[in-house]
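I opened the file to look up two things, the contact between the chains and the surroundings of the ligand. My notes follow in the order of the look-ups.

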Amino acid sequence: MIEARGLTKRYGDLVAVNDVSFEVGSGEVVGFLGPNGAGKTTTMRILTGFVPATDGTAKIAGHDIFEDPLAARRAIGYLPETPPLYPEMDVAHYLTYVARLKDVPRGRRKGAVDRAMERCGLADVRRRVIGSLSKGYRQRVGLAQAIVHDPAVLILDEPTVGLDPIQIREIRGLIAGLADSQEGGTGHTVILSTHILAEVEAICRRVMLINAGRKVLDGPLAELTRDGQRLEDVFTRVTLSDQAEASAGGTAEAAEAAQ
Amino acid sequence: MRHVGAIAGRELRSMFVSPVAYAILTLFAIVAGFFFLASVLGFDAQVAEAQQFRAFDYLRQLNLNDHVIAPFYGIMWIVLLFLVPGITMGLFASEKTNGTQELLMTSPITIWELVIGKFLAASLFVLLLVGMVGIFTGILFFFGDPELPKAASGLLGLTLVALSYVAVGSFASSVTRNQLIAFFLSLVLLLILWMLSIVADLGAGGGAIASDGLVSRSMRWLSSADRFEQMVRGLVDTKDLAYFGFMIGTFLILTKASIESVRWR
Ligand SMILES: Nc1ncnc2c1ncn2[C@@H]1O[C@H](COP(=O)(O)OP(=O)(O)O)[C@@H](O)[C@H]1O
Ligand SMILES: [Mg+2]
């Protein structure tokens, strides 16, 4: 579903994303982990076409993000770090607008909007103005706009940041539900970024760890925590040893060594 | 171009849920009404004076087109120059502060669809304002008999000037995320465009630039003032129509380029 090859993004001298490659298969749920400033948001923005890569490319559902950007974007549902909402619109109008932008055919638009609202628990607030909703509900609207066109790939950037513990549980539940196969088909392919380890353990089956722009770890969650190791320890160890290697002039081998 | 309607529709809807749109419409109606009345009363006074002094030659020259409609349009043009930046300042800047830019730029739409949709929305709003000017002018036809073609070509001129201002304002809104900066940037651009012909006149008068030199001529060419006045006098020239098309096109292309360049920064 996602095929990223050598993604690199430079901001002047700063290399925000450094030669990152990975593949995500259909129906996989990947936790994209890394400390703040690691390059998670930048990687996701490249995949969604919001910022162009300096180098490398990616395919989403078989469509190259540079050669066929519109088709690639049609296959993606994206929840940015701050949900892209118009505070003056009501929930149903907003989602209908997004459905139009995402090329949901006119005849199917109402059904798509109703379904997204139902899945995200928004049916009761469909006529409420978005600006009057609580942060948790706004996050749900953000999630609903990401799934309204039933995309093959979901890219969620820190979907629970800034929420209270109860809201966090609700949103995690929603995401887990989206990932599960529905109505007989396979579920959405999901990449979800976070720096909260518990989130990954709660939802994801695969972990990808990024640090200082480089991918340092990638594997099934079960494997990483196989010998009773806690994810937190793995995270800390790999991140720290990677930093030590980097300052000692080392290269990506650090990741292999740590594994 | 199938997303243009969605983008323009959302923009207009958002304009009309905010009280600002109604405030602008009301304010414009009041201001237009005031200046319309002032022009009519001024005309009345001139006629009365001419009759009193039996200045029949002068009286014969007085007519609604040149002495009511033309000054009225002229003032409305200045009012629009200050009002259009307020209408366009949020077009793109607010998408950036909302974070909705990220939705737009990751949707399967083209930047042209976005730019045209925004331009259309603001243009429709501005056409409402120009429409009011048209309604006031229409009142004159009940009480006198101004020349319709002249009144219509002047209104066309006002429309084209206003649309070119919308294009300039769109560009200003696309280069910043701050609406206030967008407002002042478009105001400054519009004032510069407006003053070009005056500066050309002054420069030529003072001998600083040759009145038929390249500098003076290109300044004049870029300025919309002379063209607008031609149209108020009832002279519709394809060259002037092409000029407004050129200005609108240029600033929309600049808008698109500025949105793209943010992407490639
Ligand atoms: N538009 C930008 N201009 C300059 N530097 C940026 C920009 N966006 C991100 N960065 C830098 O790139 C690095 C990675 O940022 P980001 O991808 O947001 O990290 P994360 O999402 O993992 O916290 C950071 O050092 C950040 O400061
Ligand atoms: Mg981030």
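I count a salt bridge when a side-chain nitrogen of Lys or Arg lies within 4 Å of a carboxyl oxygen of Asp or Glu. The model is a predicted one.

Entry 1, salt bridges. I looked up A:R45 and found it paired with B:E102, with the closest N and O atoms 3.0 Å apart. Across the interface of chain A and chain B the rule gives 3 salt bridges.

I listed 12 residue pairs in polar contact between chain A and chain B. On the side of chain A, the elements giving two or more residues are β1 (2-11), α1 (40-48), α2 (69-74) and α3 (91-101). Of these, α3(A) gives the most, with 6 residues. I sorted that side by class and got 17 nonpolar, 4 polar and 8 charged residues.

I noted about 2,500 Å² buried between chain A and chain B, 59% of which comes from carbon and sulfur atoms. In chain A, the residues losing the most area to chain B are A:F50, A:Y86 and A:L101, together 25% of what that side buries.

I checked backbone atoms against its oxygen atoms: a backbone N or O atom of A:G37 lies 2.6 Å from one, one of A:G39 lies 2.9 Å from one, and a polar backbone atom of A:K40 is 2.8 Å from one. The protein buries 67% of the 560 Å² that ligand 1 exposes when taken alone.

Entry 5, the shell. I find that α1(A) supplies the largest share around ligand 1, 3 residues. By class I have 5 nonpolar, 5 polar and 1 charged residues in this shell.

Technical notes. Residues are numbered from 1 along each chain as its sequence is written. Chains are lettered from A and ligands numbered from 1 in the order in which they are written. This is a predicted model: local features need pLDDT of at least 70, side-chain atom pairs count only at pLDDT 80 or more; totals for chains, interfaces and linings use all residues. Side-chain values use heavy atoms; hydrogens and water are left out. Buried area is the accessible area (1.4 Å probe) that two parts lose on being put together, summed over both. A polar contact is a pair of N or O atoms within 3.5 Å; within protein, one must be able to donate a hydrogen and the other to accept it, and residues adjacent in sequence count only if both atoms are side-chain atoms. Helices (H or I, at least four residues) and strands (E, at least two) are DSSP runs, numbered from the N terminus. Ala, Val, Leu, Ile, Met, Phe, Trp, Tyr, Cys and Pro count as nonpolar, Asp, Glu, Lys and Arg as charged, and the others, Gly among them, as polar. Accessible areas come from the Shrake-Rupley method with a 1.4 Å probe; for residues, only the protein chains shown count as cover.
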